[in-house]
Amino acid sequence: MLFVFNKFKKHKWVKLNTQKRLKVYNALEAKFAKKQHREALPVVIHPDSNWQCLGMFTVKGGDKRITLHENLLIDTKMRFHGMETILHEGRHAYQFETIQKKLPWYAFRAKRWQKNWMGYVPSAENSTIYNNQAVERDAQKYAFRKMLKVARKYQSDPDFQNTMRVNQYRLESADDNARKQFGMFYKYKINKYIDKKSR
């Protein structure tokens with residue numbers, strides 16, 4: 001789909017039914033998968049409308065996919081949260097692909113991802129650690145950077161501005177919350193926790 005970012009403009013998005021909106025999300029995933037030199041994953045909707053997540057990257061057997069909450073298709077105001085979710089979950093797919101290969105000694109970031117995948121901390125276990133672990137922090141920053149690059153396209157759109165504010169707050173408050181819970185050496189303590197869990 002050419003000009004996928006234009007489809008997120010409100011006057012275009014409101015004309016799309018939910019199936020077409022899902023196609024836009026799939027096209028966005030395909031665009032970034034190509035940039036990351038990985039296969040594009042199917043973007044599907046979670047069957048439970050009470051699901052507590054906006055999105056998730058999953059691998060079961062050989063089946064990899066990105067699952068979205070239906071609100072990202074139904075609520076027009078949520079479309080940029082949908083964009084951020086696709087970028088974020090697609091980054092997890094990239095991390096996962098990266099750590100499947102034999103890593104050279106100098107691939108420090110990928111090795112941190114690898115350890116983190118083995119000792120992943122879900123939000124329900126500890127939301128502070130969840131937001132500060134290597135794979136989540138990387139995916140959050142990646143999605144935020146990519147959205148900043150297209151910000152001029154939506155500079156007068158309050159839905160975009162609101163999404164960026166929410167994500168910026170999440171990035172900034174993650175450090176503050178970790179400092180409050182674990183003190184000055186929070187990075188060391190969080191890494192130690194993940195290290196222990198990964199064994």
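Contact here means heavy atoms within 4.5 Å. The model is predicted. By that criterion, and leaving aside neighbours within four places in sequence, M78 is in contact with Y25, L54, N71 and L72. M78 is found in the loop between α3 (71-74) and α4. W51 is 27 residues from M78 along the chain. The C-alpha atoms of M78 and W51 are separated by 16 Å.

The sheet comes next. Strands of a sheet pair through backbone hydrogen bonds, either parallel or antiparallel. In this model, three strands form an open sheet in the order β1-β3-β2. The pairing is mixed. The edges are held by β1 (43-45) and β2 (55-60). Each of these strands has a single partner, so one side of each is left without a neighbour in the sheet. From one strand to the next, the twist averages 35°.

The two pairings can be taken in turn. β1 and β3 pair in the parallel sense, over three bridges. Within this pairing, the bridge partner of V44 is T67 in β3. β2 and strand β3 (residues 63-68) run antiparallel and are joined by six bridges. T58 stands opposite R65 in β3. K60 has D63 of β3 as its bridge partner. β2 and β3 form a hairpin, with two residues between them. In the turn, G61 has a positive phi of about 65°.

Helix α2 is placed against both the sheet and another helix. α2 lies across β1 and β3. Its direction is at about 145° to β1. The axes of helix α2 (residues 18-35) and helix α4 (residues 79-99) come within 10 Å. These axes cross at roughly 35°, and the crossing is right-handed. On the α2 side, the contact is made by Y25, L28, E29 and F32. On the α4 side, R79, G82, M83, I86, L87 and G90 take part. By class, the contact of α2 with α4 has six nonpolar, two polar and two charged residues. Y25 of α2, which takes part in this contact with α4, is also one of the residues in contact with M78.

Two packed helices are described by the angle between their axes and the distance between the axes. For helix α5 (residues 108-118) and helix α9 (residues 186-198), the angle is about 60° and the axes are 7 Å apart. That angle makes α5 oblique to α9. The crossing of α5 and α9 is left-handed. K115, N116 and M118 of α5 make the contact with I194, D195, K197 and S198 of α9. By class, the contact of α5 with α9 has two nonpolar, two polar and three charged residues.

Aromatic pairs were also searched for. A pair of aromatic rings is described by the distance of the centres and the angle of the planes. The search of the whole structure finds 16 aromatic pairs. Among them is the pair of Y120 and Y130. The ring centres of Y120 and Y130 are 6.3 Å apart and the planes lie at 90°, so the pair is edge-to-face. Y120 lies in the loop between α5 and α6 (127-132), and Y130 lies in helix α6. The pair therefore ties together parts that are 10 residues apart in sequence.

Methods
Residues numbered from 1 in each chain as written. Predicted model: local features only at pLDDT ≥ 70, side-chain atom pairs only at ≥ 80, totals over all residues. Heavy atoms only, no water. Axes fitted to C-alpha atoms, helices over the stretch in contact; angles between N-to-C directions. Helix = DSSP H or I, 4+ residues; strand = E, 2+ residues; numbered from the N terminus. Left-handed = near helix turned anticlockwise from the far one by under 90°. Nonpolar A, V, L, I, M, F, W, Y, C, P; charged D, E, K, R; others polar. Pairing = 2+ DSSP bridges. Parallel < 35°, antiparallel > 145°, perpendicular 65-115°, else oblique. Phe/Tyr/Trp six-rings, centres within 6.5 Å; stacked < 30°, edge-to-face > 60°.
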